Amino acid sequence: MTTPQVEVQAISRTYRMRSGLFGRPISVRAVDNLSFSIQKGETLGIVGESGSGKSTTGRMVLGLEPPDQGSVHFDGAPIAAPGTAAWCAQRARMQMIFQDPLGALDRRLAVAAQIREPLDIHNIGTKAERDARVHELLRSVDLNDSHGARYPGALSGGQRQRIVLARALATKPDFLVCDEPVSALDVSIQAQVVNLLIDLQARLGLTMLFISHDLRVIRQISSKVAVMYLGRIVEFGDADDLFARPQHPYTQALVSASPAPGRRSSNRIVLTGDPPNPAARPSGCAFHPRCRHATARCAVEVPQLTAPDPQRQVACHLVAGASSQAQDAA
Amino acid sequence: MLRFFAIRFARALLTIALVVTFAFIVLRLSGDPALMIMGPEAPPEVIEAFRKAWGLDHPIWVQYLDYFKAIGQGELGRSMRDGRPAIQLVIERIPATLALTIPAFLVKVLLGIPAGIYAALHRGSAIDRAVMITAVAGFTVPSFVLALLLVLIFAVQLGWLPSGGQDSWRHAILPIATLGFGGAAVLARFTRSAMLEILGQPYIRTASAKGVPWRRVITDHALPNAAIPTVTILGFMVGSLIAGAVVVESVFSWPGVGRLLVVAVANRDLAVVQCILLLVAMTMVTSNLIVDFLYGLLDPRLRSKGAAA
Amino acid sequence: MAPLVRISGLKVAFDGTPVLHGIDLDIGKGEAVGLVGESGSGKSVTWLAALGLLPAKAKVAGSVQLDGRELLGAPGAVLDQVRGRRIAMIFQDPASALNPVLTIRRQLCESLALHRALHGEAARIEALRLLDLVGIPDAARRLSAYPHEFSGGQVQRIMIAMALAGQPDLLIADEPTTALDATIQAQILDLLSAVRREFNMAMVLISHDLGVVAENCDRVCVMYAGRIVERAPATRLFDDPWHPYAQGLIGALPPLDGARRRLQAIPGTVPDPRTLPSGCAFAPRCHHAGDDCHAGVPPLAPSEQERAVACLRPQRLPVELAAE
């Protein structure tokens, strides 16, 4: 097997948080012992609700935030310490896109100049080559030079996100982390950007980590999917298969909660209880207080990710195969 | 909550210490008090004796430590000019200053806040524009210009009111008007923008959608929220009750703390200057503490944060 | 049967720019009607205008009748008896929809005092019952809590309790679950349909999410650029949308099961209300548009079986995707 483009080994991240201005500091484990790898040209989708740690994971994978434990390897080499020359070189090959394109752009600068900026920073090409590259980048996100001359305020939300994408692609990165890139967009515009991302990925052979709360968008764009709950992966598998046959009770509830035209809500699984709070993580399986199937064991023992079949990994005591292997491991 | 105030209190003490230090340094660096008070023609041995008497012959850091020690013991020094306790000189002047600043404070509150609320509720109306133009004028025009203007109109031209002194209540009207008008302008603008921000909040729409009559939306929902930012500026105004009238007292030759400060600075009367600065710092710091406390009362979000401590 | 609410020719303009171009909409007693559309389509403005909740600078024209009584231009006292009492409204962002400095009890009892003349202990007991009804655990203790002490889903439950306080005939839910996580969204939608059944209350569900509307409404109106472009029973609309925009919206939604397909993105963007195209506002983005589409605005023409579409070339062939 070839070296994966991105390999994440047992990363954890704990935040010290104060409950209020002068409260006693408490530790919040945002990401807990997370491992996955992404093959070259593949898209891994991470889906989860607020507090699942999906955005923290994205930042750690890019080296924007160091993991407390564990390591991230890019192309077989560990992520360099931020600020070093090696990190700078690595960063040109990895880019990130966020939810809010207006916040990511400078309002007082024409967007073409902002697409050009990474080329200037990394000193790529002559002036003429850079101009040509900006033109080409605008074309690649279905915009033209007249859009490039505008300021962010004069563009629509979808166009701004294209500009951010064009800027991210300027240094010809191999790896793109997208954190909720289409969540703020209207449905019809969201479809434009999703299609564009899929096309660009195929054309440029990009490796992607795509983070979203939207199951539909995740499935559309990803080859593999990881479902996160309170900082851990609870289910991992092939995208189509995972949503067709969810095995973890949480994934089942998520899939069932996703409203669909042409389906009535009669047989929906509605989870009780509030969304998970990372500051008050339940013992055992973090999902057990909301789980319909939870047993006494779920409240004490943390289930490990195990493979009930070769295409799937599930962290649940009740999924056949998973529990027996967990016992073997123990 | 207790911890919240302990931290605030420690910070307040630190602020006062910094103010004292600052005053000490600036005054010692800007000239020799012995020369200033005794005059340049005074014989050297007289100056030397003066220095000894006031401890000015010690190294500067000893003077500094001595000063802190004295303050700790409640000893604020004596005026270098007439030898009376500085604190006594200052306290004598406080009633005169309060006679101006308290009525002026009432003018600010009673004029500024309603004007700001009214302007916000009738945004874009002729009255709103009038209030805003007046308010901008009120705080861009320096108080001494306003004071002179008032003197020109009411004392010189119309002859209705005296232009200075402290003989009757009529003497207080122009200084109070000068102080009150400027502050009311600041407060009106501040209240207006706070109200406008609150009126745009979704919970105001929720209240209307519930069927709450508009008048009660304002009184029950908007005002309690708008009070939170307004308290900040009120706290600042309370903090300046003692020393907020330096300019106005000078213009109207009103014998208050502000005028005492101006005279003491001119004379390098260190003890008096430091005493006033200490007093100012303490009122400022106290009013800030009160503001913090009021925040806790007005805003439950802060209260529960404090309670969690 | 006379409708509960009849909106006819409702128009709204902000600073001289029309944003709503004549809405006709009837809401029957106990009925659930969905309004879908993207941002700027006018779905929220319609109801804010109907209830007189728009800022004073908005120019509103047309007619909104509740049980035959005109609401537009009615005096404030009349509207205050309608808002919350006959028609209640809940909003998108639960975190900022409740007054942060007032307790839940104050905000609930305010509605009870206004509309049910309940005060003191009677109001407290009724407030408790409402909180219980919407599923706030430990209601007795939490009555004295402030909004920030609740999670987003819980605040939305409290908003619903507050809306129910006046025992309204119609609940307008404006994007009630957009700010919430998926599993919490399911809880709130469940709660809404439960209370609707229990009180036989009509509901207007405003959402950008086709799935949410499809699952929770009897009838659906699709809005675009300040007009209703299609109106149909929910199941029929999603199985067989006629208006090209409605088709586009459904085609743009990624499927959650079955084969993956390329999304049908609608080209271009929603027009700026200041520079609306002449004729059909959707024509510049429409694959089927002809010259006549640019000539005049097509009216919302009633058709068979409670359906109406505002299009010169409605696409009445069942789309393969709509079956999903």
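The axis of a helix is taken here as a line fitted to C-alpha atoms over the stretch in contact, and the angle between two axes runs from 0 to 180 degrees between their N-to-C directions. The model is a predicted one, and in its chain B the axes of helix α7 (residues 143-157) and helix α8 (residues 170-199) come within 10 Å and cross at roughly 135°. Angles over 145 degrees count as roughly antiparallel and those from 65 to 115 as roughly perpendicular, and α7(B) and α8(B) are therefore oblique to each other. The crossing in which α7(B) passes α8(B) is right-handed.

On the side of α7(B), the contact is made by B:S143, B:L146, B:A147, B:L150, B:V151 and B:F154, which meet B:L174, B:A177, B:T178, B:F181 and B:G182 in α8(B). Of the residues in this contact of α7(B) with α8(B), eight are nonpolar and three polar, while no charged residue takes part.

We turn now to the sheet. In chain A, eight strands form an open sheet of mixed pairing, in the order β6-β7-β8-β3-β9-β10-β12-β11. Its edge strands are β6 (94-97) and β11 (306-309) of chain A, each of which pairs on one side only, and from one strand to the next the twist averages 20°.

Within this order, strand β10 (residues 232-238) of chain A and strand β12 (residues 312-314) of chain A pair in the antiparallel sense, over three bridges. Which residue of β12(A) does A:F236 stand opposite? The residue facing A:F236 there is A:Q313.

Definitions and conventions:
Residues are numbered from 1 along each chain as its sequence is written. Chains are lettered from A and ligands numbered from 1 in the order in which they are written. This is a predicted model: local features need pLDDT of at least 70, side-chain atom pairs count only at pLDDT 80 or more; totals for chains, interfaces and linings use all residues. Helices (H or I, at least four residues) and strands (E, at least two) are DSSP runs, numbered from the N terminus. Angles under 35 degrees count as roughly parallel, over 145 as roughly antiparallel, 65 to 115 as roughly perpendicular and the rest as oblique. A crossing is left-handed if the near helix is turned anticlockwise from the far one by less than a right angle, and right-handed if clockwise. Two residues are in contact if their C-beta atoms, placed from the backbone, lie within 7 Å. Ala, Val, Leu, Ile, Met, Phe, Trp, Tyr, Cys and Pro count as nonpolar, Asp, Glu, Lys and Arg as charged, and the others, Gly among them, as polar. Two strands pair if DSSP finds at least two bridges between them.
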